[in-house]
Amino acid sequence: MSRRKTERLLNLVICLLATHRPLSAEQIRQAVPGYDPDNDEAFQRMFERDKNELREIGIPIDVHKDPWDDDPGYRIVRESYELPEITLEHDEAAVIGLAAQVWQRASLAEAASGALLKLRAGGVRADLSPSPLELRVDTRDPAFPPLWEAVRDRRAVTFGYRRAAGESVLTRTVEPWGVVSRRGRWYVVGHDRDRGASRVFRLGRIVGTVTPIGRPGSVIVPEGVDLRAMVGFQEMGVERTALVRVRRGTCLGLRRAAQELRPGRDGWDEAELTFSDPEWLAGWIASLGSDAVVVGPPDAREAVIRRLKGALQ
Amino acid sequence: MSSDRLPRLLALVPYLMSHPGAEVPEVAELFGLSEKQLIDDLQLVWMCGLPGHTPGDLIDVSWDGGEIIIDNADTIARPLKLGVDEASALLVALRMLGELPEFKDMDVLGRVIAKLESAAGEGAATVSAQVQVEIGAAPGAHAAITDATRRRRRLSLRYYVPGRDEITPREVDPIRVVLVEGRHYLEGWCYRAEAMRMFRVDRIVEVEILDVPADPPAEAEPMDVTEGVFRPSESDELVELELTAMGRWVAEYYPCEEVTELGEGRLRVTLRVRDQSWLVRLALRLGENGTVIAPPSLTEQVADAARQALANYEHMA
């Protein structure tokens, strides 16, 4: 943005805030330096663009239409423009400082620091002294910004999605209810229009761009929906117990996780492990090589043998 | 100049109004500007004001001796209200903080959230309830580590290293406690490694706060975790893997130098590996869903390890 334009926009904001009654476009043209005094069409175009730019940065411009007047009037209502008075105690300012540093990537990091700057400009003394506690949330998935916007604007989206192990990318149309980060991964929860049911999608498996469809405000989030429970539900299964023989003096991590641990024969100990997915258990035990052996149940045992044979080739 | 200049000016003027006599360097830093850019902003503001634009209408700014005094800017003396994204970004983060043990019994978050919500309006409150960051339960060692970090005391740890499947004793001067990618880490100067290290808190088997003040050497600088905690080094060995659709998760979990789609969901990836035994474990875990392509010596090691493990099952059968 050129310096002249910034000057014009700043003067326009001051002019619209200062006026008590709505001003017509012509009055604004007279009052704000930088508008074309001769060419009406050029002025109209420029004024339209300026109003849009102010709205884009969140400045509310009121438009008044009187039945007896052809030309609308414009002004900015102070109460809807200004940050309300906000005072923070010392401990409150400290946590705002901590919260503002959480986001790591462009969109939200800028939003958070913009918010902090406004609060400080409003007189809040936020504490940014280095804290021994540091919290970072990453939104590196390219799908995050468009999904945040879709959730904010209550718009449906469509995107390509690869199932966990699926080979093909299918197009999904989803009314997003929310996004949840769990164990460092982002999920979108919503109503899958093609399947007519609620579904959870992992952002890391979205392929290509997320495109908003339909009008803003058209998505209705069901009352009382528990986003976290929906994401968590995916990972639950029936829990069973596996018996695993572990070589003495090895598999320290497995021993820590075991429900039961007892000495066995010939330099081996026996551990009992709780699991729900035999494939997950098989992956873990196979990774321990010749130091751990699944005795049972049979499906878990077979799954380990299959993995080890697979690793032979 | 970028298009954020106008929003910046609309925050700068109120800041200067509420902090009369603020110094040029400190304000420049706060707004992320060079001193020259800040002066340029001040000069621009000085050209603006109420319609009429007589000297009495214009904003008055001076920065003689580096102290900024602003006057006649009452119209824009308050900052613009928070946008939905701005307020939501803070609110989501504040709600996340509420899950940390440190804040469990404190009402400070509730107070801040209420104040922000009332300042921001309804939109932000709704959005921020729809974006949630879940923090897993803090591991047992977390409280002692946070305490030692705040009080700057040396820690004695027993730490589990899964790549080598061993527990090692370490003395560590804590620098900070970091939550990144959904996990808690202790970052500190490790006397065993003679270097800065990140310790996953859930892998700390035992922790003891020593009666010794933490005294890390001057070169103990916290690392930048923006690109993740695990940052491969140039000296680590390059390993090439082929993954089936079922093995694609590897590319999601570990930073890869190169990822090539091979069709039907299959991938070829290149990653840097510090510890060969870690890669052997990964290959065993993957089974038929991953194949080590290079280096060939590693392919051999994986096959050997698989043969030895399978022998156990033959004995038992």
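**A guided reading of a two-chain predicted model**

C251(A) is buried, with 22 other C-beta atoms within 10 Å; a residue counts as buried if 20 or more other C-beta atoms lie within 10 Å of its own, as exposed if 12 or fewer do, and as partly exposed in between, with C-beta atoms placed from the backbone. The structure is a predicted model, in which local features need pLDDT of at least 70 and side-chain atom pairs count only at pLDDT 80 or more, while totals for chains, interfaces and linings use all residues. Residues are numbered from 1 along each chain as its sequence is written, and chains are lettered from A and ligands numbered from 1 in the order in which they are written.

C251(A) is found in the loop between β10 (240-247) and α9 (252-257) of chain A. Helices (H or I, at least four residues) and strands (E, at least two) are DSSP runs, numbered from the N terminus. The phi angle of C251(A) is near 55 degrees, a positive value in a residue other than glycine. D266(A) also has a phi near 55 degrees, and it is found in the loop between β11 (260-263) and β12 (268-275) of chain A. Is D266(A) buried or exposed? With 7 C-beta neighbours inside 10 Å, D266(A) counts as exposed.

In chain B a cis bond joins A294(B) and P295(B), with omega about -5 degrees, and P295(B) lies in the loop between β13 and α10 (296-316).

The chains may next be viewed as domains, whose bounds come from an automatic or database domain assignment. Chain A is divided into domain 1 (3-81), domain 2 (84-138), domain 3 (144-233) and domain 4 (240-312). The C-alpha centres of domain 1 and domain 3 of chain A lie 39 Å apart. Chain B is divided into domain 1 (5-76), domain 2 (84-130), domain 3 (142-213) and domain 4 (237-316).

Helix α1 of chain B (residues 5-18) has 14 residues and reaches 20 Å from its first C-alpha to its last, close to the 20 Å expected; the expected span is 1.5 Å times one less than the number of residues. Eleven of the 14 residues of α1(B) are buried, among them L6(B), L9(B) and Y15(B).

Further along chain B, strands β7 (residues 183-190) and β8 (residues 195-200) pair in the antiparallel sense over six bridges; two strands pair if DSSP finds at least two bridges between them. W189(B) has M196(B) as its bridge partner in β8(B). The two strands form a hairpin with four residues between them, and E194(B) in the turn has a positive phi of about 55 degrees.

An open sheet of four strands in chain B has the order β11-β12-β10-β13, with antiparallel pairing. Its edge strands are β11 (258-263) and β13 (290-294), each pairing on one side only. Within this sheet, seven bridges join β10 (residues 237-243) to β12 (residues 266-273), and V269(B) is the bridge partner of L241(B).

Strand pairing also links the two chains: four bridges join β4 (residues 133-136) of chain A to β6 (residues 166-180) of chain B, and these strands run parallel. Here L133(A) has V177(B) as its bridge partner.
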